[in-house]
2 protein chains.
Amino acid sequence: MPLADAITKASKVDVLIIGAGPAGVMCANALAMAGVNVRIIDQRPVKVAAGQADGIQPRTIEVLQSYGLGERLLREANQMHMAAFYNPSPSGGIERTSRAPDVTAPSARYPFEVTLHQGAIEAIFLDSMEAHGVSVERPIVPTSIELSQSEEELKDVTLKHLNPAEHQGDSEIVKAKFVLGADGAHSWVRKSLGISMDGEQTDYIWGVVDMVPDTDFPDIRCKCAVHSNNGSCMIIPRECDLVRLYIQLSDRDVVDPATGRVDKSKMGPDKLLAVAQKSFKPFEISTSSPIDWWTLYIIGQRVASKFSVNERVFIAGDACHTHSPKAGQGMNASMNDTHNLAWKLAHVLRGWSDLSLLKTYEFERRKYAQDLIDFDKKFSKLFSGKPRTEENQDGVSHEEFLEAFQTFGLFTSGIGVHYEPSAITHNQHQSCASKLIVGERMVPHVFVRAADARPYDIQDVLPSDTRFKVLVFVGNIADSSQADRVRTLADEIGRPESFYHKYGHEAPSKVFDVLSIASAKKQDVDYTGATYAAQAPEQHWSKVLLDDTDMYARVGGGGYERYGIDAQRGAIVVVRPDGYVVIVAPFERLEDVHAYFGSFMVARS
Amino acid sequence: MPLADAITKASKVDVLIIGAGPAGVMCANALAMAGVNVRIIDQRPVKVAAGQADGIQPRTIEVLQSYGLGERLLREANQMHMAAFYNPSPSGGIERTSRAPDVTAPSARYPFEVTLHQGAIEAIFLDSMEAHGVSVERPIVPTSIELSQSEEELKDVTLKHLNPAEHQGDSEIVKAKFVLGADGAHSWVRKSLGISMDGEQTDYIWGVVDMVPDTDFPDIRCKCAVHSNNGSCMIIPRECDLVRLYIQLSDRDVVDPATGRVDKSKMGPDKLLAVAQKSFKPFEISTSSPIDWWTLYIIGQRVASKFSVNERVFIAGDACHTHSPKAGQGMNASMNDTHNLAWKLAHVLRGWSDLSLLKTYEFERRKYAQDLIDFDKKFSKLFSGKPRTEENQDGVSHEEFLEAFQTFGLFTSGIGVHYEPSAITHNQHQSCASKLIVGERMVPHVFVRAADARPYDIQDVLPSDTRFKVLVFVGNIADSSQADRVRTLADEIGRPESFYHKYGHEAPSKVFDVLSIASAKKQDVDYTGATYAAQAPEQHWSKVLLDDTDMYARVGGGGYERYGIDAQRGAIVVVRPDGYVVIVAPFERLEDVHAYFGSFMVARS
């Protein structure tokens, strides 16, 4: 019997992330950018090179952009703007029934999906993390986790280095204030904590193949839902001329009749392609290049019973929800889990917010995961079902499928995600900004800067920098009574007992960014004038925006109307660090804004 | 007497660039991207850190974007959208007369100027060059240049390494097929070749100071022309809250009465600021930070008598034209000189084009430089002149100045640059694309790709990759007679005697990129269908565009009308590698397109 591996090292860290997939790298990058003491480990010796998840939804593009990573994603990725639907034709084979926008979310800043292989997406985060001094340590596996009872609530996690040779077998004990298990569907963290997965496996069996096709199929560069009498197929175009096919399989193709289990040896990429070729008739599809990647899967639809233990150990991503990949949600759900969590960890670690803030992670993301499973059940059933034909009147009609595709669009795009009221989401005074729905992400819109008339999408002045954004829609400041109201508000925000000072740890501007947005026009206003008075305590020329067009009337204008805010009297809108509207209030109800922050923040000493 | 430095090395190179300023790095990067064997040397031990030129005009942004460098420029730079004009007020001091767009060029893709210090702009090129394996060698000075009479036309240039210690004093003889002198206003190359500068020095003396201002001046973040009775001043806002002031000086401030020459010791940044403060009254301007950079200059307005010797040695940038910096032209003129030259060098070096192609560099860029000096004379006079007031009825009125500002706008933006007819610019058949002016840059416009409905600005499918772009506007291919015409044209382009094969060295697609642009709508057309037939010999799904909106009707459509092309019958438009329209023709005059390429290209053997 060999001796136990030597414990060669003991260390402390604020956040230990286990797993460098989409959920892990989103969290590590966000914390690295925030200056949090974080480590991230992964059991794989190198990053993913091909295949895996590949679809990024409109809301996730907005999220990447909020970390300054949107441009690179858009440069490297393929864009899916158009969807096409194919159904059985009277003459046998398939025919196009219709084309439609790929995304049904009118307010999306990026009204399309992008596709890029998972490794390339992760690389965007890895490079950003590296610029902030954090790299993935690999290959390392956790071997034990112990929940400490001490005051400091440090966890003991034992890590084992697998490679390179000089470290092989070395073990290390890490005391972490917080641990994140982002270690995938077979999560070691989840299992170690005894968290169960609720839900079930379906009967749907699918194959996936990535290749550069030779084809006469006219919509090969669109997302296509192909329903044929020879099975269903979904097409997802990708970067570098690649196309991904999701191919419905029947039991007899892949299930071992003796055991009833999927037998991967019964299926290979060539056989998968042969199945697809039948459903594509009369179109031809083949490939003259090597297959880039392939896999088989049975859809499981499960959600973890809890996402956290004592708000000290968390799980995220595939570790807490598994579902069909065909709606392109997997990577998005995972990244948005930790986009939700990261700023909360930073606030608690800095002592700005109470530990209870972290309860909202499970509250918000478990609800989302359950909605996702519900959607997936409906969509998978429609997608895997037989098409309606003359002979099969019980099948799924095109109209039924298209309606579902579009109804679900707001959800699948991520734009419709809605967080319910909680300590950090106060559903009050909605009527004073009737189209900025509390609990939903801040609606993108172009405003111009008062000082230089440069147009900005408002999302670009709300970066994911862990600060709360206090948007003071100052209304018509050309009117003297309104200008008085604005001055009064600015005075109130400036008082020592106001949220701005009471919770403004270190310096108020580290916790809060206050912006003024006037309904006045650029020819009538100076940033040094009336708007500046609204500028609450911190003043910088860049912090005053106008609801007006740019100098060439190409973009901008109409923002107050789009947000449902009174152009005369304005409103206060608070956006939390991850970009969600959390309270709106008229000027007279500033006390509710104070109370909002008081419900989870710690007063400065 | 010391011994002569040892000649330690002899080498060959295709292009030797002397000077790593804006003209030099633009050329080196373009050649590096084209895979040309190029070296670039500079006498400065490190790159520029602050100050110098800083304004990038709309056309230059388009040019940077054509090399894939536009995004980074826009991310790092300040944008100037608005201009403001100040004149003497009746109560003494100055007041704002009006605001206007900073750029008067309706077709500009980027309708604003950007400002960023020269070192940061050069760094964008240095990083791109490095990614293509080329770095600036420094500090190195050329010490002799000899024009060889040999067949190969190699030049002997002797270089002296100044540093680091291990190379100090080492000399090297370089045989270069082509030499570019991009070595500034005091160009060693120009002087060594005995090229004279024509023109004269003005009496205008100006100071420049870069600083972060403390001010109540409401347009400090706009470009401002301030005309006061205490002198003129121009404001150029910059990155990182910096502002540049150009300050008019009178002789007595800076001229040594004994010698009549500028004495820099008589003026410093504090004194410059004191002069500015007088013209800003009643506004206050000062700074609490250290001055970032400052200088004095007397405007010289000169153009080199020639830009080349035997089309083997060239000069570019400040080496061949000097003028006032206040119109923000300097760096732009320099970069556009070598943007014009680089692809021509690549074509000649590859044996694709005759040496005579290089004559068009001087033809096109010297004409531009002369136009620039003419503009600068008028503008400097207006700007340096006294404002018109009650007392001074001979002064420059605001109306006169504003009209000049806007009239010159098309020229100063770079959008209006027009190359006259030559071997590479055939001014024929203009009426078949009446708004794509032969000799001017290709007008940006958004089209959608037929295969996936993704919108693209057409400039982004015309990168500076040394290829000629043949845009076949295929018209209404839903009409069968037009579809027949398109097929006939495609057949003709595919014949061995066509330009495509006759001048298609190595592979035709290395020299030419053929794109089809249909007036049909995305719901009616497949990329595999009729448009594909127009796709001449090379076929890829990405090469078919449509004049239509994207799926959400946010961008695109109206392109045929904007270009003045018949939506039914179409036209052929050829864009040269640097983005200028060089011939337009109806389908029936394909022979003129053959003749166009025959006028400077070498037939493949």
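Analyst: **A cis proline loop, the sheet and the interface**

Pro139(A) is located in the loop that runs between strand E8 (136-137) and strand E9 (140-146) of chain A; strands here are DSSP runs of at least two residues and helices (H or I) of at least four, numbered from the N terminus. The model is a predicted one, in which local features need pLDDT of at least 70 and side-chain atom pairs count only at pLDDT 80 or more, while totals for chains, interfaces and linings use all residues; side-chain values rest on heavy atoms, with hydrogens and water left out. Residues are numbered from 1 along each chain as its sequence is written, and chains are lettered from A and ligands numbered from 1 in the order in which they are written.

The peptide bond that joins Arg138(A) to Pro139(A) is cis, with omega about -10°. In chain B a cis peptide bond links Arg138(B) and Pro139(B), and omega is about -10° there too. Pro139(B) lies in the loop between strand E8 (136-137) and strand E9 (140-146) of chain B. Another loop of chain B, between strand E19 (308-309) and strand E20 (313-315), holds Glu311(B). The phi of Glu311(B) is near 55°, a positive value in a residue that is not glycine.

In chain A an open sheet is built from eight strands, in the order E6-E5-E14-E15-E16-E12-E18-E21, with mixed pairing; two strands count as paired if DSSP finds at least two bridges between them. At its edges stand E6 and strand E21 (321-322) of chain A, each of which pairs on one side only. Strand E5 (residues 82-88) and strand E14 (residues 223-228) of chain A run parallel and are joined by four bridges. One bridge partner pair is Phe85(A) with Ala225(A), the latter in E14(A). Helix H9 (residues 359-384) of chain A packs on this sheet and touches strand E12 (197-211), E14, strand E15 (231-237), strand E16 (243-249), strand E18 (293-304) and E21 of chain A; contact means heavy atoms within 4.5 Å. The direction of H9 makes about 130° with that of E18(A), where axes are lines fitted to C-alpha atoms, for helices over the stretch in contact, and angles run from 0 to 180 degrees between N-to-C directions.

Further along the sheet, E12(A) and E18(A) run antiparallel and are joined by 11 bridges. Gly207(A) stands opposite Leu296(A) of E18(A). E18(A) also pairs with E21(A), in the antiparallel sense and over two bridges. Val303(A) has His321(A) in E21(A) as its bridge partner.

Strand E22 (residues 446-449) and strand E23 (residues 455-457) of chain A run antiparallel, with three bridges between them. Val446(A) is bridged to Asp457(A) in E23(A). Five residues separate the strands of this E22(A)-E23(A) hairpin, in which Ala453(A) takes a positive phi near 60°. E22(A) also pairs with strand E26 (residues 544-546) of chain A, antiparallel and over two bridges; there, Arg449(A) has Leu545(A) as its bridge partner.

Chain B likewise has an open sheet of eight strands with mixed pairing, ordered E6-E5-E14-E15-E16-E12-E18-E21. Strand E6 (94-101) and strand E21 (321-322) of chain B are at the edges with a single partner strand each, so one side of each lacks a neighbour in the sheet. In chain B, strand E5 (residues 82-88) runs parallel to strand E14 (residues 223-228), and four bridges join them; Tyr86(B) is bridged to Val226(B) in E14(B).

The last part is the interface. The contact takes 44 residues from chain A and 44 residues from chain B. About 3600 Å² is buried between chain A and chain B, 46% of it on carbon and sulfur atoms; buried area is the accessible area (1.4 Å probe) that two parts lose on being put together, summed over both. Six salt bridges are counted between the chains, each a side-chain nitrogen of Lys or Arg within 4 Å of a carboxyl oxygen of Asp or Glu. Arg99(B) and Asp526(A) meet in a salt bridge through their side chains, at 2.7 Å from N to O. Helix H3 (70-76), strand E4 (78-80) and strand E6 (94-101) of chain A each supply at least two residues of the side of chain A that touches chain B. E6(A) gives the largest share of that side, four residues.
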